[in-house]
Amino acid sequence: MADSPDSPNMSELIQRAEQYDDSGVLARSLLQAIHSGHIGVWVWQAQTGTMLWNDCMYDIYGLDAASFAGTLEAWSATVHPDDLARVSADVTAALKGERPYNTIFRMVRPDGGIRYLRGTAWVERDEAGKPLRMCGINEDVTERERLINLLAAVQQSTLRNVGDEYFQALVASLVRVLGVRMALVARRLPPELPACCCSMALLDGGRSLPMEYFPVDGSPAAVVLANGSFATERGICTQFPADETLQRSQAEAYLAVALENDSGQHIGYLAVIDDKPMPDVAHNLELLKLLAGRASAELQRMLDEAEILRLNSELERRVGERTAELRRTLKELETFSYSVSHDLRAPLRAISGFVGILQEEYGEGLDETGRDYMRRVVTATDRMGRLIDDLLSLSRISTRNLHLQPVNLGKLAHEILDELEVDTSHPSVLRQIPDNLTAYGDAGLLRLALDNLIGNAWKFSRYTESPLIEMGAEERDGGKEFFIRDNGAGFDAANATKLFAPFQRYHGTDLFPGSGIGLAIVQRIVYRHHGTLRIQSCPDDGATVYFRLPGAAEISLLEAP
């Protein structure tokens, strides 16, 4: 307590107590309560230099009234030499009123034993502020300080370790500071497995042992995992005769605490075992409880990491299986496409050949209607041939390896339009396409995609008075999104999704011929590049196709084996 004129001294407290109990019973009860708590009470008279002790002071210091001179010097002689200067400074500061006396120091008993004491006191002063006496208490905190020192030693030994290294350092430190034979960290196996625990770290007689499995039933681990802790000073083998590990090591003392996850479930335990009785079992168990916090967190982290690795491994396995299955399916599809192509081309070649012979040898004998029928057959076979070619192109895209490089989409677009402008029946098209519009991808596939997109823009603007085809790029969602826009026939945007499916059309072939596979090819090429595709349109107001392609670093990473 800090000095204060309003703070009553011990004499005043006793006098006040005796006012309510003339026989002094209450005062004696207070002293008996202090004595039962094993707290030493002392009074130092400043004028005479003498010290008065209660019986507990003599017990704590291992002295008796005959062997203690009852002076400040005699008391100073019991203070550990390394602590004397500091404690003397604390007493001086309290007498001067600079700070309260509240300190922990070591004391040496006559038998050489060292005890840690906590001392607190207040100073009673006269009206002039001069110290009259110093009254205080001493409390033996040896076990608490021992626990603090042990905890600090263990924490220092494990400070820089994590995972398995942490548990190995933990058991080694416990064996060293507690002087026991064995220390163990074990985790509980999942409920679906037999009731067992396996060691995360096990040190026995100075040797680090490999992982072992311990049955829970019939062992102290069952008690620990059920109740949170268990300790016995001696006789552990007698209490658990079915525990082969304890019997084999001839264990005598055992103490352990459970390790918990965030939900309070017991996921393992920390234990120390010795082959001789352990008199300080209660204090050592308290040490384990203090260490259980970090040990629990470390074990939970390792279990979480193991679960993540298991899930990742399972995911990789499933992805591998699905990928292999997909590759088999694509290979079968490719084989099927080639087979169908071959089977379809043969009758087409026959039809085309016979129609050619008919036109060459019998064409003069046919009337106009007959010749028109012949032309329709030729047109139909040509269209069927192009359809087969488109189907083959579509089937090959998904299995094709990408040859990645910078590709100037603007240059490709101009080349495609130059080729289309050979058709003089189409009105002149106004171009708004930059000369340099670079993407990163497979040049052959991107050329095929642009062939279809620009071909569609060209085709569907045939009946537009002033056709316009634009191409450019915009920043969207942190990446570059390209677009091709026309002011042609357009379509209802509600049908946009199904137009990417093969053979789906919005306009009839009489006005706008085609196979109905172009947008499906474009979609597959963009997806093969790990990109995205969308389309906006209104009837008679043109259409805009947007496609986003990843940058060089992103697509290279996605295509890495």
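Visitor: Which residues of helix α8 (residues 220-227) are buried?

Guide: In this predicted model, they are Pro220, Ala221, Val224 and Leu225. To be called buried, a residue must have under 20% relative accessible area.

Visitor: What makes these buried residues line one face of α8?

Guide: Look down the axis of α8: the buried residues fall within an arc of 135°, so they line one face of the helix.

Visitor: Which exposed residues does the face turned away from the buried side of α8 carry?

Guide: That face carries Ala226 and Asn227; exposed calls for over 50% relative accessible area. Just after α8 comes Gly228, with a positive phi of about 100°.

Visitor: On to the sheet, then. What is the order of its five strands?

Guide: The order is β14-β16-β17-β19-β18, in an open sheet with mixed pairing.

Visitor: Why are β14 (430-432) and β18 (532-537) said to stand at the edges?

Guide: Each has a single partner strand, so one side of each is left without a neighbour in the sheet. On average, neighbouring strands here are turned by 15° against each other, direction ignored.

Visitor: How do you know that β16 and β17 pair?

Guide: Pairing requires at least two bridges, and β16 (residues 468-476) and β17 (residues 479-486) have eight, in the antiparallel sense. Arg476 stands opposite Gly479 in β17.

Visitor: Which strands does helix α14 touch as it packs on the sheet?

Guide: Helix α14 (residues 443-460) touches β16, β17 and β19 (543-548), and its direction makes about 35° with that of β17.

Definitions and conventions:
Residues are numbered from 1 along each chain as its sequence is written. This is a predicted model: local features need pLDDT of at least 70, side-chain atom pairs count only at pLDDT 80 or more; totals for chains, interfaces and linings use all residues. Side-chain values use heavy atoms; hydrogens and water are left out. Buried means under 20% relative accessible area, exposed over 50%, partly exposed in between (1.4 Å probe, protein chains only). Helices (H or I, at least four residues) and strands (E, at least two) are DSSP runs, numbered from the N terminus. The arc is that of the directions from the helix axis to the C-beta atoms. Axes are lines fitted to C-alpha atoms, for helices over the stretch in contact, and angles run from 0 to 180 degrees between N-to-C directions. Contact means heavy atoms within 4.5 Å.
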